[in-house]
Amino acid sequence: MNYQEIAQIYKETLGLRWDPVAVRMMRPGEKVPPDTVEPPQPLRHCQSILVARRGNSLYLPPRSHACPDGAGILGLVEMSPKLRSGELYLLFKKLPTLEIAQKMISTRQEFAPGSYEATLVAPLAKAQFEPDVVVFTLYPEQAMWVCCAQTYQSGERQNFRTSGFNSTCADLVVQPMKTGEMNITFGCYGARASSEINDFELYLSIPTPLLEPIAQSLLKLGQKSIPEERRKIYLQPVMDKIGNRRSSPKTGESGQVRIYIDQQQCKGDGLCVAFCPSSVLQVAEKDGRQVAQAIKPELCSMCYTCVGQCPQKAIQIS
Ligand code: SF4
Ligand code: SF4
């Protein structure tokens with residue numbers, strides 16, 4: 001599978017608004033790839049990602065990096081003493097003491113100065129270089145499906161390490177390159193104050209070796225789970241004015257569930273039986289036909305799974 005195909009899978013299954021952005025740290029001695037331009041003015045690393053998600057392929061040597069913090073963290077330049085000491089974080093009133101600022105600095109991931117010569121960013125589908133990581137601009141729901149796709153292969157939960165400081169440099173590039181694991185960030189002061197990232201967007205970065213396996217899992221999830229979730233198939237019918245739970249005046253008992261199955265619509269395929277987590281339903285003969293029946297309605301938790309999974313829309317719960 002090539003990067004164009006992979007990018008297409010992510011775009012289609014997740015419904016991405018923005019192109020995934022390939023990021024490569026240029027090693028010493030590497031040549032600038034074709035169709036990659038140095039921007040006319042310096043950009044912050046976070047800004048360069050947003051320019052790339054609009055379709056541009058960029059080459060950014062140290063002179064084209066506007067954020068000295070980001071350039072230092074990415075190992076392009078030696079970081080200035082004022083940034084290294086943490087005193088600027090106090091001036092901006094982003095952290096309360098020098099001690100806490102130094103702790104934040106010492107716990108973030110960085111590359112050693114001089115490790116790399118430039119950054120390359122480009123839409124994944126157009127990238128003329130081998131990315132180290134691919135950065136996605138996502139809504140939380142899309143990020144959830146990327147997480148599900150990774151768990152789909154491994155069963156494991158994700159370990160994200162993020163802080164709201166140095167988001168697109170430390171958290172999106174250095175951290176995943178060093179650990180080999182995907183990482184998430186909600187942006188940082190600099191990234192949000194200097195770019196068009198929307199308030200409801202976040203970033204997720206995937207190391208290149210994980211890119212195709214996660215895409216394969218997304219294809220599987222896109223067959224059923226993703227469209228069902230987006231159709232909100234378990235949404236209860238009346239949510240605007242729910243009132244109180246009703247109880248019987250005689251017994252004081254409350255919460256009796258009624259399950260209505262339209263026997264004419266029911267095809268007896270047993271899907272509701274298979275999906276019901278509480279074994280409430282059963283397919284059995286009635287009037288010469290195999291149809292679903294509620295044999296233990298008292299066990300029903302009103303999860304609406306049977307309602308959402310019935311292809312005939314034959315079930316109602318009240
Ligand atoms: S899923 Fe629907 S059609 Fe299938 S057995 Fe249940 S009620 Fe009948
Ligand atoms: S609502 Fe949930 S618990 Fe109740 S019958 Fe349907 S699947 Fe089973």
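**Exercise 1. The shell around ligand 2**

How do the residues of the shell around ligand 2 divide into nonpolar, polar and charged?

*Solution.* The model is a predicted one, and the first step is to find the residues concerned. There are 13 residues around ligand 2, and among them Cys276, Val280, Cys300, Cys303 and Cys306 come nearest. Sorting the shell by class then gives ten nonpolar residues and three polar ones, with no charged residue.

**Exercise 2. The shell around ligand 1**

State how many residues surround ligand 1, and classify them.

*Solution.* The shell of ligand 1 holds 14 residues, of which Cys266, Leu271, Cys272, Ala292 and Cys310 are the closest. Divided by class, this shell has nine nonpolar residues, three polar residues and two charged residues.

**Exercise 3. Two helices packed against α10**

Describe how α1 and α7 each pack with α10, beginning with the angles and ending with the residues in contact.

*Solution.* Start with helix α1 (residues 3–14), which packs with helix α10 (residues 208–221) at an angle of about 40 degrees, the axes being 9 Å apart. Because of this angle, α1 is oblique to α10. The crossing of α1 with α10 is left-handed. On the α1 side the contact is made by Ile6, Ile9, Tyr10, Thr13 and Leu14, and on the α10 side by Leu211, Glu212, Ala215, Leu218 and Leu219. By class, the residues of this contact are eight nonpolar, one polar and one charged.

Turn next to helix α7 (residues 140–154), whose angle with α10 is about 105 degrees, with the axes 8 Å apart. It follows from this angle that α7 is roughly perpendicular to α10. The residues that α7 brings to the contact are Trp145, Val146, Cys148, Ala149, Gln150, Tyr152 and Gln153, while α10 brings Pro213, Ile214, Ser217, Leu218, Lys220 and Leu221. Nine of the residues in the contact of α7 with α10 are nonpolar, three are polar and one is charged.

**Exercise 4. The pair α2 and α8**

What is the angle at which α2 and α8 pack, and which residues make the contact?

*Solution.* Helix α2 (residues 45–53) and helix α8 (residues 167–179) pack at about 70 degrees, and their axes are 8 Å apart. The two helices are therefore roughly perpendicular to each other. His45, Cys46 and Ile49 of α2 make the contact with Ser167, Thr168 and Cys169 of α8. Three of these residues are nonpolar, three are polar and none is charged.

Conventions. Residues are numbered from 1 along each chain as its sequence is written. Chains are lettered from A and ligands numbered from 1 in the order in which they are written. This is a predicted model: local features need pLDDT of at least 70, side-chain atom pairs count only at pLDDT 80 or more; totals for chains, interfaces and linings use all residues. A residue is near a molecule or strand if its C-beta atom, placed from the backbone, lies within 6 Å of it. Ala, Val, Leu, Ile, Met, Phe, Trp, Tyr, Cys and Pro count as nonpolar, Asp, Glu, Lys and Arg as charged, and the others, Gly among them, as polar. Axes are lines fitted to C-alpha atoms, for helices over the stretch in contact, and angles run from 0 to 180 degrees between N-to-C directions. Helices (H or I, at least four residues) and strands (E, at least two) are DSSP runs, numbered from the N terminus. Angles under 35 degrees count as roughly parallel, over 145 as roughly antiparallel, 65 to 115 as roughly perpendicular and the rest as oblique. A crossing is left-handed if the near helix is turned anticlockwise from the far one by less than a right angle, and right-handed if clockwise. Two residues are in contact if their C-beta atoms, placed from the backbone, lie within 7 Å.
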